[in-house]
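This report describes a single protein chain, one topic per heading. The sequence and structure come first.

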Amino acid sequence: MPPGRRGKRGKKAPMESAGSSIDALPDGVLQHILGFLPAWDAVRTSVLARRWRDLWMFATGLRIIGNDDDDREALRESVDHLLLTRGIAPLETCELRFDSIANEFSGGDVIRVNLWFRHAIRCQVRVLRLVFTQPGQHFDLQVLHLISRHLMELELVSVEVKESFLNLLGCPALEQLAAEDCDLSLVKRILSVSLKRLSITSCIFSESFRTRIHTPSLVSLLLDDNWCNSPVLESMQSFVDASIRVVNESVDSCEHCDSGNCNSCNGIIHGNSNCILLEGLSKAKNLALIADSKTFIFRMDLKRCPTFSKLKTLLLSDYWCVALDLDAITCILKNSPFLEKLTLELCFKGSDHKMEMKGSYIPEQETTAISEHLKIIVVKCDVVDEKVYKVLKLLSTFNIRELQVRRKTLGA
């Protein structure tokens, strides 16, 4: 049928091509879209039309990705040329990501990646990620001091940093720091007055000293699966959420500490005059305390247990009922005057609990040992064994009753 004759359906408007549709967007929008592409794909758009020739140079994001099948020398030359061509146009996001190609990095390659990292800082980048995915190795980040008035988020994966790198006073806008599988063994202090969210997971701290974390504006903290000495948490008045998990690969562990009769760790516990973790967590509103067996850091801190003056929800792991005696739970409850919800996970690590018991606190005039605000108590377990029975008996002494048992079904 000829284009002009469509029967009763009338004329159909001509379809705009994909190119003409996207060309209607202003340059700023196109530069933002290009920022989500890997750098090489963004550069390739320069051949689309004359207008696109230089757009990639001002893309708000720069994503340099080194894959296994890339040639190291070609990668190095390409990135150098790309950065030289785009100059120091401002960046919202910069991601430098390398997989096992980093295993073949020479000393010159390491220096070059460090220069790329510094170049991103010069471009006033707001979100900066340096990620290495090769297992068992750490990239040597040779930047001694990080100084940027614009940087707001920093993510490091499999990176070794220098002693003063995490002194972040030179980054007054930085609000989020995430370190995963990093070597922090040289870092004596993590210092920031602006940081609000801090995540340190699977990292290595020093064996000879404790790193001190001074971040008074911190709102959210995650410490999980870290090795060697647990860090010292200094006072954080703005705390809202914290999740702490101490593993038995840390220095704060002992093969015999669960027995309570080990002279070695007992000497450390009673000889220590400082609170390592709990004092810094005392202003949190939501708190999860998890530890593997054979660790004694919480046992040590409970000798000087602070008052959790803002705590509303608390999760305690199996460790608190197995490695420690029930006095540990009692101590926490007595020092949490505004606690509203308590969750006890009495199941094995990695287990998807099969039973859940919920109860409530019935305040009585003669019982003022724990928070009168406590409304919900949840006990998660696989089976009701002797360990669970002892916990339930303890809870009953606090007038926590009316526990209802719910068996968890698949998909629940």
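## Salt bridges

D80 is partly exposed, with a relative accessible area of 28%; the classes used here are buried for under 20% relative accessible area, exposed for over 50% and partly exposed in between, with a 1.4 Å probe and protein chains only. The side chain of D80 meets that of R112 in a salt bridge, 2.0 Å from N to O. A salt bridge here is a side-chain nitrogen of Lys or Arg within 4 Å of a carboxyl oxygen of Asp or Glu. This pair links distant parts of the chain, 32 residues apart, with R112 in helix α5 and D80 in helix α4 (residues 72-86). Helices (H or I, at least four residues) and strands (E, at least two) are DSSP runs, numbered from the N terminus. R112 is partly exposed too, at 25% relative accessible area. This is a predicted model, in which local features need pLDDT of at least 70 and side-chain atom pairs count only at pLDDT 80 or more, while totals for chains, interfaces and linings use all residues. Residues are numbered from 1 along each chain as its sequence is written, and side-chain values use heavy atoms, with hydrogens and water left out.

The whole structure holds 16 salt bridges. One of them joins R44 and D41 at 2.6 Å, N to O. Both residues lie in helix α3 (residues 39-44), three residues apart, about one turn of the helix. R44 counts as exposed at 54% relative accessibility, whereas D41 counts as partly exposed at 34%. Another salt bridge is formed by E95 and R97, at 2.5 Å from N to O. E95 is buried, with a relative accessible area of 9%, and R97 is partly exposed at 29%. Through shared partners, salt bridges join R63, E95 and R97 into one network.

## Aromatic pairs

Rings of Phe, Tyr and Trp (its six-membered ring) pair if their centres lie within 6.5 Å; planes under 30 degrees apart count as stacked, over 60 as edge-to-face and the rest as tilted. By this rule there are five aromatic pairs. The centres of the F98 and W116 rings are 6.4 Å apart and their planes are at 25°, so this pair is stacked. F98 is in strand β2 (residues 93-98) and W116 in helix α5 (residues 107-122), 18 residues apart, so the pair links distant parts of the chain. Both residues are buried.

F98 also forms a stacked pair with F132, at 5.4 Å centre to centre and 25° between the planes. F132 is in strand β3 (residues 127-132), 34 residues from F98. F132 is buried, as is F98. One aromatic cluster is made up of F98, F105, W116, F132 and F139.

## Nonpolar core

A nonpolar core is a set of buried Ala, Val, Leu, Ile, Met, Phe, Trp, Tyr and Cys residues joined through side-chain atoms within 4.5 Å. The largest such core has 108 residues, and F117, L281 and F298 have the most contacts inside it. Helix α5 gives the most to this core, with six residues. With contact meaning heavy atoms within 4.5 Å, and leaving out residues up to four places away in sequence, F117 touches L96, L128, L130, L141, V143, L146, L154 and F165.

## Cysteines and helix α9

With a disulfide defined as a pair of cysteine sulfur atoms within 2.5 Å, the structure holds zero disulfides. The sulfur of C305 has its closest cysteine sulfur in C331, at 3.5 Å, which is too far for a bond. C305 counts as buried, at 17% relative accessibility.

Helix α9 (residues 327-334) is mostly covered, with six of its eight residues buried. C331 is one of these, along with A328, I329, T330, I332 and L333.

## Parallel sheet

Three strands form an open sheet in the order β8-β10-β12, with parallel pairing. Its edge strands, each pairing on one side only, are β8 (189-191) and β12 (232-233). Two strands pair if DSSP finds at least two bridges between them; β8 and β10 (residues 212-214) pair over three bridges. L191 has H214 in β10 as its bridge partner.

## Backbone phi

Most residues other than glycine have a negative phi. Q124, in the loop between α5 and β3, has a positive phi of about 60° although it is not a glycine. D225, in strand β11 (residues 220-226), also has a positive phi, near 60°. Q124 is partly exposed at 37% relative accessible area, and D225 is partly exposed at 24%.
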